[in-house]
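User: Could you walk me through how to read the features of a model like this one? I would like the general idea before each case.

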Amino acid sequence: MSKKKNGSSGLGQLLIPLIALGILVLFNLFRDISFFSITMRVNNSGNIVLAGNLISIIDNASELAIIAMGMTLVTAACGGQDISVGAVAAISGAVLVKVLQGMGGITPVSLLLGFLAATLVTILFKLFNGTLVAVFRIQPMIATLILFSCGRSIAYWINGDATPQLYAPIIDSIGKTIPGIPIPTPIFAVLLMGLLLILLFRFTSLRLYTQSVGINQGAARLNGINPTTVKLISFVILGVCVSIAALLGVCRMHQLNHKNLLVDIEMDAILAVAIGGNSLGGGKFKLIGSILGAYIIQMLTTTLYAMNVNPVNIKAYKAIVIILIVVAGSPVIKRGLTALWKKLRTNKAQTEGVN
Amino acid sequence: MEDGIVLTMRGICKAFPGVKALNNVDFTLRKGEIHALMGENGAGKSTLIKVLTGVYEKDAGSICIDGCPGEAHIHSPQQAQEIGISTVYQEITLCPNLTVAENMFIGRGKGAIVHWKEYEKRADEILKSLGIPARANQELSRCSLAVQQMVAIARAVDMNCKVLILDEPTSSLDDNEVARLFQLMRDLKAKGVGIIFVTHFLEQVYQVSDRITVLRNGELVGEYVVEKLPQVELVAKMMGKSLDDLAELERIGQKGAISDNCVYEAAALSSSECRPFDFHIRGGEVNGFTGLLGSGRSESVRAIFGADRVTGGKIRIKGKAARITKPHDAMKNGIGYLPEDRKRDGIIADLSVRDNIILALQVIQGMNHPISRAKAEAFADEYIAALQIKTASQDTPIKSLSGGNQQKVILARWLLTHPQYLILDEPTRGIDVGTKAEIQKLVLKLAEEGMSITFISSEIEEMLRTCSRLIVMRDRKIVGELTGDDLTQAQVMKTIAGGEQTDE
């Protein structure tokens, strides 16, 4: 009985995002069933790949899903969000390209070194944010506003105004597909990052620490937890997420454009965390919720494109749907629904009693 | 209204859902009198003040103010001010970035045009007449806390107040500042202002007050002239015991042997919140810190655990020098601490009972050695059964448990770490009688098994029943230590009141 109760309460948080996803799927089923068709086709590089709206949704949501995971941790520990992820991703991409240029060519080795360097730099920038938040107790929104405003300028200083083009088989393998594997590589990146975090939660008690700090920092401290360390760790993990997302973004576009790389992703990432039923005030969290949130946002975008909505209007339509999802998940509506559910159940019990 | 009386409150009642905060309370304030309002936590002092200042609406009773015909109806703090009741709160409620004059006159102008020059002149006159060492054009934040407090009083006095309420005005002041404030209070008294003085510092009451009204559990205990109420009797009245019937309660007492070796020793330990003190506890001993609210008992044990910033002192654990500056150090040295404020410092509200139980053990084991789910479930089951914690399941969030059961979960959290020294600060506050007795028995059983325990409680009986040594604190200092035959209510109260000091 106790286990069962746990199951349903665990699902409670995911109820709204699952319903939202279900409605989106149903809507597309009735609108145009071919939306879901998946075909095999030969792409520009001559590889056989899977194609279709579903694949492109899951593929295109990868950067968002990865950053949303990191954002979930920062949100849980600090009770606030990092709005500089897009700007720092541009820095990360710039470092990556600078290393590639410095090493004189794109080879798997230079790409790996470039990625490691970029990750290191990204983590340092995230630690800057983390220090402002955890040590100086600055509101996360304000602390991360600094890099949000100047991050893309820093990326510009690293690489100049050029938008370096990157063409090499390895770039295609990361941004599109690996020859012989029909599934886009970014999808594997999401799986990998998710797996890494699951293992991290499995083999350390970071989850318990993070939730404790997010719920009641004072009590956590009195139980020997160092809140500063826990918050810094969440920023380091976000740094890794941002660096991976930047790599995917650069490889996908075959170029580094410091103005456009993962632009506006911070707001979508925060939204993904919220749609996933996680409290933006910190505390308990579910990674899978945020990942679902990322896919919902992407599915919405793709659906609107498939309906030939003018790209100028897409943001407005997206806003309307998101208002509905967020309001449906709000405490007021949730309380109302719970009350309604209880009433229905007692009514049912009463009628059963009468019968 | 009788001559010389500025305020009468008769039959005041005020109830909150589930609590009767004030029940038929009378209060009388005379002209030119400093009247102390005394009582322990939850006695109803602040509720009475809030009824008087219009923050709360009374359920029943009447309030009469000199100069207002008939009953006064006070519905808001603004109204209270208009009929001459002013309040100066513990936290200064002025604007630190404005000048002294601006603070004194802000919000009091009738029209839109304000004559600051005139105000500054008047402010200077008032400050001078009250002997307050501040200039009108000075920024308030540049004045000391005591002077800021006095400016707040000056503002109140200038609004022609008849009744001045000072709510814990001295708690953040040092001794010199307190003396200065008292001089101001005496000056105002000479000018005929009636002052209600709320404080928990006993000695200060006897320094300035003329009369004392004592409340307990929302009821009036009595009104006394200071000279006729010795400190020890005041303490007895606040705690609800009359000195005559201090019949000795049966002590369960400690049965287990107390070892000769100290488990924990501190010399001149001090923290940001408490003055240096010495302390030790032996293996299997139960001792306690006692004293009135604000006496510094909680601050002392917080210093032992490293909960506040430790500023000095030498610590020995089982005779070996140790360094404890943060909770994690204390935990590694086998010390557990159940905090006074369960909601704020104890529970992680949204987490499950299970997570709350394993938290401290997990932290001691370190982040890289997580307790497996199966083990955590076993631990939780074990302690839910052992302490009879009433919860739907171990997955239930702790916040949906009753207060007593939450407390048991926190207790389980520390017992699971098998500490050699456990500090329990008010473990029985706000929980039902049955659970209280259970916790007391548990404390004695643990001591029998060799654990050292420091026990703090506002209820003296409880401490006498469980502790074999009591450390008595008053005004943030240790004023005595009681053992053996001295462990009686009368002796505890005498020591708290400062009648007899056994040793220092």
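Analyst: Gladly! Chain A has 15 helices and two strands, where helices (H or I, at least four residues) and strands (E, at least two) are DSSP runs numbered from the N terminus. This is a predicted model, in which local features need pLDDT of at least 70 and side-chain atom pairs count only at pLDDT 80 or more, while totals for chains, interfaces and linings use all residues. Residues are numbered from 1 along each chain as its sequence is written, with chains lettered from A and ligands numbered from 1 in the order in which they are written.

User: What is the radius of gyration of chain A?

Analyst: The radius is taken over C-alpha atoms, and the globule rule is 2.2 Å times the number of residues to the power 0.38. Chain A comes to 22 Å, close to the 20 Å given by the rule for 355 residues, so chain A is as compact as a globular protein of that length. Its C-alpha trace spans about 85 × 55 × 40 Å along the principal axes.

User: And how should I read a sheet?

Analyst: Strands of a sheet pair through backbone hydrogen bonds, either parallel or antiparallel. Here two strands pair if DSSP finds at least two bridges between them. In chain B, an open sheet of four strands has the order β11-β10-β13-β14, with antiparallel pairing.

User: Which strands stand at the edges?

Analyst: Those are β11 (274-282) and β14 (320-322) of chain B; each has a single partner strand, so one side of each lacks a neighbour in the sheet. Further in, six bridges join β10 (residues 262-271) of chain B to β13 (residues 310-317) of chain B, and S270(B) stands opposite G312(B) in β13(B).
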